[in-house]
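Here is a colleague's note for someone opening this structure for the first time. Please read the points in order.

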Amino acid sequence: MDGNKRIARKTETQGITQNACVGLQPIMLCSADAVTEQVTEQVTEQVTEQVGEDKLLAILEFCSAARSREEIQAFLGLKHREHFRAEILAPLLKAGFLVPTIPEKPNSPKQKYVAVKELGNQ
């Protein structure tokens, strides 16, 4: 019996519904709806913790128009580019709060970012 069938049988015998997300080490069997909602909430919380809610709101408002990395960094008064990219820009992109204007060329010198979500309106 392959692994997927064993997992399905085990979840059935334990009375676990298919809509639940069940961690079975080292495999996780999840429904898309349950995971999407959970991940969206979790990522939003992580971004808010990392960036700070006040800073996040300021960035989203500032980026209502497309802005370059340099513009956002200057707006926040930050000088260290790699810290900004790793600790602020990357989490905002991953959470879907910002999107690149040239997604097919992430390292383009002409790259800008625009806000697509508001906090609390995912």
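**Notes on the model**

1. Helix H5 first. In H5, Phe84, Ile88, Leu89, Pro91, Leu92 and Ala95 are buried. Buried means under 20% relative accessible area, exposed over 50%, and partly exposed in between, with a 1.4 Å probe and protein chains only. Helices (H or I, at least four residues) and strands (E, at least two) are DSSP runs, numbered from the N terminus.

2. Basis. This is a predicted model, in which local features need pLDDT of at least 70, side-chain atom pairs count only at pLDDT 80 or more, and totals for chains, interfaces and linings use all residues. Residues are numbered from 1 along each chain as its sequence is written, and side-chain values use heavy atoms, with hydrogens and water left out.

3. Overall layout. The chain has five helices and five strands. Their order along the sequence is α-β-β-α-α-β-α-α-β-β. Of the 122 residues in the chain, 26% are buried.

4. Shape of H5. This helix has 15 residues and spans 20 Å from first C-alpha to last, close to the 21 Å expected at 1.5 Å a residue. The expected span is 1.5 Å times one less than the number of residues. H5 bends by about 35° at Leu89, and Pro91 follows within four residues. The bend is the angle between axes fitted to the seven residues ending at a residue and the seven starting there. After H5 comes Gly96, with a positive phi near 85°.

5. Core. The largest nonpolar core has 14 residues, and Ile59, Cys63, Ile72, Leu92, Phe97 and Leu98 touch the most other members. Helix H3 (53-62) and helix H5 (81-95) each supply at least two residues of this core. The largest share, five residues, comes from H5. Such a core is a set of buried Ala, Val, Leu, Ile, Met, Phe, Trp, Tyr and Cys residues joined through side-chain atoms within 4.5 Å.

6. Pocket lining. Which helix gives the largest share of the lining of the largest pocket? That share, four residues, comes from H5. Helix H4 (69-76) also supplies at least two residues of the lining. A pocket is an open set of points on a 1 Å grid over the protein atoms alone, where a 1.4 Å probe fits, with protein on both sides within 12 Å along at least five of seven lines; lining residues have an atom within 4 Å of a point.

7. Lys112. This residue is found in strand S5 (residues 112-115). Lys112 counts as partly exposed because its relative accessibility is 33%.
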